[in-house]
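These are my notebook entries on a single chain, kept in the order in which I looked things up.

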Amino acid sequence: MASIDKNTIMTLMQEVGIVPLFYHADSGIVKEVLKACYDGGARVFEFTNRGENAYDTFVVLLGYARESLPGMALGIGTIYDADTAQKFIDAGADFIVAPFMNPEVGKVCAEAGIPWLPGIATLTEIFQAQQAGAEVVKVFPGDVVGPGFVKAARGPMPHLRMMVTGGVQPTPESLREWFEAGAYCVGLGSNLFPKEVLAAGNYAWITDKVAESIRLVKEIRS
């Protein structure tokens, strides 16, 4: 069962502005990354379902977050079907993210009362996702559709809430172009976790970069 209610999670996404997303097969490394993001101010974190032991690692992370990182919403990404979604929901996922729109995944999330962020790349997909119950959609891949799409989509849909993922950089220039276009929040993946930083165990770098990104988002919005 989710540990944080749906409305709180969506508020945290908007207020903090960034959602780190990460996968690694070593649960020890993932815990260090999760804590580094938490120490930097992140309060929503997406662990991606991209490896054979992703489920077991996610369960370990949930236990760690609930014991040591109060207020951290932990969701699972790269979910394709309803059965997989239900498995992670039963484990305690706070939200579900998908690379595309599958209404059956939306249905099980609605039944569980947790946010569902399906991937979209067209206005038709946005409409279909909203009809299926999505309150926040994932614009993916962001570097393909571009900030112009986000800005244009908000014309006919001014209340649309979009998390942009794919190609977002933790830099003033990148964050500014997305948030000025109207992003609700952004997902930061590999650009927030360089291989050399992980190899060196330099988790303080991640903490600093997360804190800096959150500060930049607040400045852009002010």
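**Entry 1**

I located threonine 78 in the loop between strand E3 (73-77) and H4; helices (H or I, at least four residues) and strands (E, at least two) are DSSP runs, numbered from the N terminus. I note that the model is predicted, that local features need pLDDT of at least 70 and side-chain atom pairs pLDDT 80 or more, and that totals for chains, interfaces and linings use all residues. Residues are numbered from 1 along each chain as its sequence is written, and side-chain values use heavy atoms, with hydrogens and water left out.

I read a positive phi of about 60° at threonine 78, although the residue is not a glycine. Its relative accessibility is 12%, so threonine 78 counts as buried; the term means under 20% relative accessible area, with exposed over 50% and partly exposed in between (1.4 Å probe, protein chains only).

I then turned to threonine 48, which lies in strand E2 (residues 44-48). Threonine 48 is buried at a relative accessible area of 3%. Which residues is threonine 48 in contact with, leaving aside its neighbours within four places in sequence? I listed Leu21, Phe22, Tyr23, Ala54, Ile76, Gly77 and Thr78, where contact means heavy atoms within 4.5 Å.

**Entry 1: Helix pairs**

Two packed helices are described by the angle between their axes and the distance between the axes. Axes are lines fitted to C-alpha atoms, for helices over the stretch in contact, and angles run from 0 to 180 degrees between N-to-C directions.

I took H4 (residues 82-91) with H5 (residues 103-112): the angle is about 25° and the axes are 8 Å apart. H4 is therefore roughly parallel to H5; angles under 35 degrees count as roughly parallel, over 145 as roughly antiparallel, 65 to 115 as roughly perpendicular and the rest as oblique. H4 passes H5 in a right-handed crossing, the term for a near helix turned clockwise from the far one by less than a right angle, left-handed being anticlockwise. On the H4 side I recorded Ala82, Ala85, Gln86 and Ile89, and on the H5 side Glu104, Val105, Val108, Cys109 and Ala112. These contact residues divide into seven nonpolar, one polar and one charged. Here Ala, Val, Leu, Ile, Met, Phe, Trp, Tyr, Cys and Pro count as nonpolar, Asp, Glu, Lys and Arg as charged, and the others, Gly among them, as polar.

For H2 (residues 27-40) and H3 (residues 54-68), I found axes that come within 10 Å and cross at roughly 40°. H2 is therefore oblique to H3, and the crossing is right-handed. Ser27, Val30, Lys31, Leu34 and Lys35 of H2 make the contact with Thr57, Val60, Leu61, Tyr64 and Ala65 of H3. By class I have six nonpolar, two polar and two charged residues.

In H8, Pro172, Leu175, Arg176, Phe179 and Glu180 meet Ser213, Leu216, Val217, Ile220 and Arg221 of H10. This contact has six nonpolar, one polar and three charged residues.

**Entry 2: Cores**

I counted 66 residues in the largest nonpolar core, in which Val33, Leu34, Phe45, Ile96, Val186 and Ile206 touch the most other members. Such a core is a set of buried Ala, Val, Leu, Ile, Met, Phe, Trp, Tyr and Cys residues joined through side-chain atoms within 4.5 Å. Helix H10 (residues 203-221) contributes the largest share, seven residues. Not counting residues up to four places away in sequence, valine 33 touches Phe22, Phe45, Phe193, Leu198, Tyr203 and Ile206. A second, separate core has 15 residues, including Val44, Ala73, Phe95 and Val97.

I placed leucine 188 in strand E9 (residues 185-188), where it is buried at 0% relative accessible area. Beyond four places in sequence, its contacts include Ile18, Val19, Pro20, Val168 and Ser213.

Proline 115 is in the loop between H5 and strand E5 (116-117) and, at 3% relative accessibility, counts as buried.

Last, I noted a cis peptide bond joining phenylalanine 140 and proline 141, with omega about -5°. Proline 141 lies in the loop between strand E7 (137-139) and helix H7 (142-153).
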